[in-house]
Amino acid sequence: MTYLRYAPDIERPAPDEQHTIDGIIQGMTQQSRTVEKREHHAVRASHAKSSACVTGELTVATGLPVELAQGLFATPGTYPVAVRFAQGPGETLGDRVSTHRGMSIKVFGVSGEKLLGHAVDTQDFVLATGTTFPSGTAAGFLRDGTVIGKSTGLPEGVKSAVSSTARNLNKVLHAFGTESAMADFFGHPFSHPLADSYFSQAPIRYGDYVAKLGAIPSADAQRALSEWRLDPHQDEDGFRHATVAFFRENDVVFELKAQLWADAEKQPIEDSSVDWPVSVSPYRTVATLRLPRQDAYGPDRVRYFDEVMTFRPAHSLAAHRPLGSIMRARLQVYRALSDFRHSENGVSAEDTASPESIPA
């Protein structure tokens with residue numbers, strides 16, 4: 001198979017994109033202010049409620065073909081990592097509001113040219129459930145984010161009802177062999193967080209190539225959780241409790257996979273709402289993420305992960321530069337919202353340089 005090469009001109013920003021990004025920052029900052037007023041604390045504007053804060057190792061596979069042996073993955077080796085699992089909303093809600101989930105990975109000891117403003121030897125991969133980002137572009141996210149922002153002040157019961165409606169819609173669509181990415185975004189199944197797969201959703205530069213990334217559960221014990229479902233009426237923090245209990249008894253393993261860019265028409269760079277067909281380019285394993293059994297929610301570690309540590313697409317090698325409209329927005333939005341949160345809480349943000357900084 002022939003894969004398309006990276007070049008700077010594969011990105012085509014809209015003429016008014018900066019104005020759109022400024023609007024996203026303004027809207028999400030106001031949303032964060034609303035949540036802060038209710039919770040008396042500023043939290044992440046997305047993925048606020050963590051379910052596990054863990055450490056482990058990322059091992060790059062040996063014998064990768066040239067198109068996969070790129071950037072961080074060019075040379076076999078093992079790197080320390082920190083990984084944060086979290087629920088989707090930018091507020092602390094009960095688990096009956098089951099929306100998309102996040103998995104943020106920080107890889108330590110990564111040498112090479114970094115993006116401007118990133119000064120330590122780390123590489124962050126910010127992943128979420130769902131192979132696409134439903135809003136598609138920065139303009140779409142501004143539109144959808146405005147609706148989400150207006151709903152922030154609504155009672156939790158209303159948000160639960162919206163989540164339930166979206167989840168039930170996808171149940172109906174599944175009967176016809178399809179599904180809605182937007183419905184999953186607002187109404188993800190009550191599945192186990194460690195049985196879910198997580199994706200970059202939008203493309204990144206992959207050395208001389210371009211790719212989307214996915215983290216797929218590969219341990220037998222995780223795959224055995226495929227039919228597990230939370231009853232949120234029994235435990236409003238059940239996702240966290242289930243994840244922490246699993247880590248207490250089991251190692252967790254994900255295969256990190258790359259889906260290379262092969263067809264500019266079927267795999268657009270600028271619209272992340274379009275699923276890249278696996279029939280055109282399959283996900284191929286490039287590394288293994290191993291998270292050994294551990295206390296996944298110790299108070300000192302959770303405070304560090306939730307309040308101090310930052311995970312951003314901009315924490316990146318130049319070889320893995322985020323690409324496309326949504327990613328260009330994230331480069332600015334994550335920083336602005338992190339600065340707001342840390343300032344409001346009186347906490348100094350840290351671009352963590354070493355796993356030794358993480359509390360046991």
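Me: Which residues form a nonpolar patch on the surface?

Reply: In this predicted model, Leu-154, Val-158 and Val-162 form that patch, and together they have about 220 Å² of accessible area.

Me: Why is Val-162 called partly exposed?

Reply: Partly exposed lies between the limit for buried, under 20%, and the limit for exposed, over 50%. The value for Val-162 is 45%, so the residue is partly exposed.

Me: Is Leu-256 buried or exposed, and why?

Reply: Leu-256 is buried, because its relative accessible area is 3% and buried means under 20%. Leu-256 has its place in strand S8, residues 252-260.

Me: Which residues does Leu-256 touch, not counting residues up to four places away in sequence?

Reply: Leu-256 touches Leu-58, Phe-73, Gly-214, Ala-215, Arg-284, Thr-285, Val-286 and Ala-287. As for Pro-217, 39 residues apart from Leu-256 along the chain, the two C-alpha atoms are separated by 9.1 Å.

Me: Why is helix H7 described as mostly covered?

Reply: Seven of the ten residues of H7 (residues 299-308) are buried. These are Arg-301, Val-302, Tyr-304, Phe-305, Asp-306, Glu-307 and Val-308. Their cover includes strand S1 (50-60), strand S2 (77-87) and H8.

Me: How are the axes of helix H1 and helix H8 placed?

Reply: The axes of H1 (residues 17-39) and H8 (residues 325-345) come within 9 Å and cross at roughly 35 degrees. The crossing of H1 past H8 is right-handed. Among the residues making the contact are Ile-21, Ile-25 and Met-28 of H1 and Ala-329, Val-333 and Phe-340 of H8.

Me: Why is the pair of Asp-208 and Arg-5 called a salt bridge?

Reply: The closest N and O atoms of Asp-208 and Arg-5 are 3.9 Å apart, and a salt bridge requires a side-chain nitrogen of Lys or Arg within 4 Å of a carboxyl oxygen of Asp or Glu. The pair therefore meets the cut-off. It is part of a structure that holds 20 salt bridges.

Me: Why do Glu-91 and Lys-159 count as buried?

Reply: The cut-off for buried is under 20%. Glu-91 counts as buried because its relative accessibility is 9%. Lys-159 also counts as buried because its relative accessibility is 12%.

Me: Which salt bridge joins Arg-96 to a partner, and what parts does the pair tie together?

Reply: The side chains of Arg-96 and Glu-156 meet in a salt bridge at 3.8 Å, N to O. Arg-96 lies in the loop between S2 and S3 and Glu-156 in helix H3, so the pair ties together parts 60 residues apart in sequence.

Notes:
Residues numbered from 1 in each chain as written. Predicted model: local features only at pLDDT ≥ 70, side-chain atom pairs only at ≥ 80, totals over all residues. Heavy atoms only, no water. Patch = residues over 30% accessible without salt bridge, like charges linked within 9 Å, V, L, I, M, F, W, Y side chains within 5 Å. Areas by Shrake-Rupley, 256 points an atom, 1.4 Å probe, with all protein chains shown as cover. Buried < 20%, exposed > 50% of the residue type's maximum accessible area, 1.4 Å probe, protein only. Axes fitted to C-alpha atoms, helices over the stretch in contact; angles between N-to-C directions. Helix = DSSP H or I, 4+ residues; strand = E, 2+ residues; numbered from the N terminus. Left-handed = near helix turned anticlockwise from the far one by under 90°. Contact = heavy atoms within 4.5 Å.
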